[in-house]
Amino acid sequence: MSEAQLFRQIVESLPNGVLVLDLDGSIVYANQAAREFLQLHEKKNSYELDERIRQFISSARNGDTETLEIGAHTMQLAYRDRKEGDQRAGALLYFTNMDDRRKQEFTANVSHELKTPLTSISGYAEMIENGMARPEDVRAFAGRINREARRMLKLVTDIIKLTQLGAQQIMDQAEEVDLYELAQENIEILEPSAHNRKTSLSLSGEPSVVTGHRALLSELVYNLIDNAIRYNRDNGSVSVRVHHHVLTVRDTGIGIPKAHQARIFERFYRVDKSRSKATGGTGLGLAIVRQICEQHHAQIRLESREGVGTEISVTFPTFHED
């Protein structure tokens, strides 16, 4: 076996994806892992490549990395210049599947999040059971147990939703859904919560029909409005607008610092952990929103200023009949 054949055999057996590109950005070689991860399809001796990867390649410099959601995978891309002698001859792109690492982080986060309410419930229940709680404290302890149990139930429910979102074929159950109608329904549901936090709710726009899974789209609308209420301030407001296949939720809340905005849709990511837990947040609401958007091929955009408020817009694709 020649050195070239041995090298190719080694690269083909790597768990990470390897792409070799020429100066025009065309793929010269893709190993098996890259072909599987990226679902590359060879057509007329050239490969069709995801547009987001092309954009990364076009602007990347030697040593740059980028993390992208590609199909069912979370991939980290690493860019390296490819040289022949002293001349640049193209680029090398390395793909690392981050799914296993994300699963480990997710499991650790779930364990941590469940441990906190369970410890609280166990502690208060033990004090009542052993007669250590004064009669006048029993009612308060029972209230705390109830709150922690509800918090744990919401966390488990959100985890189940995320698991289902990653597994089911959502668009097989698609139907025509009016975003304005969904917004109206969820504003009515959340009105008591807004009232308790002295937050006003308003809806503007007009009927806008999109194609999607009604229950999941309702969950998306609910989570966005609920989040806007939770992170608002007393006497604040939440404005919901539906216009031309775009749902926009704007609040006058605490805002999100610039450094945190890129990660706000990650599972269990919280900007202010103490406030999130105080308001009953699980850190999964926006992660669910992001996954529902991905299932519906919708684009999500966030604009936020710390101390001023946050605006999140979801733009759904428009399908035209032939």
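D178 sits in strand β8 (residues 175-178); helices here (H or I, at least four residues) and strands (E, at least two) are DSSP runs, numbered from the N terminus. This is a predicted model, where local features need pLDDT of at least 70, side-chain atom pairs count only at pLDDT 80 or more, and totals for chains, interfaces and linings use all residues. Residues are numbered from 1 along each chain as its sequence is written, and side-chain values use heavy atoms, with hydrogens and water left out.

**The protein overall**
- The protein has nine helices and 14 strands.
- Of its 322 residues, 41% count as buried; buried means under 20% relative accessible area, exposed over 50%, and partly exposed in between (1.4 Å probe, protein chains only).
- Take the contacts (heavy atoms within 4.5 Å) between residues at least 6 apart in sequence: 57% of them join residues at least 24 apart.

**Around D178**
- D178 counts as buried because its relative accessible area is 18%.
- Setting aside neighbours within four places in sequence, D178 is in contact with P207, S208 and V209.
- D178 and P207 are 29 residues apart in sequence, yet their C-alpha atoms are 6.1 Å apart.
- The D178 side chain also reaches the backbone nitrogen of Y180, at 3.0 Å.

**Around L217**
- L217 belongs to helix α7 (residues 214-230), and it is buried because its relative accessibility is 0%.
- Not counting residues up to four places away in sequence, L217 touches V177, L182, V210, G212, I292, H296 and F316.
- From L217 to A183 it's 34 residues in sequence and 9.8 Å in space, C-alpha to C-alpha.

- L14 lies in the loop between α1 (3-13) and β1 (17-21), and it's partly exposed because its relative accessibility is 36%.
- β1 pairs with strand β2 (residues 27-30) in the antiparallel sense over three bridges; strands pair if DSSP finds at least two bridges between them.
- V20 stands opposite Y29 in β2.
- β1 and β2 make a hairpin with five residues between them, and G25 in the turn has a positive phi of about 85 degrees.

Notes
Polar contact = N/O pair within 3.5 Å; in protein donor to acceptor, adjacent residues only side chain to side chain.
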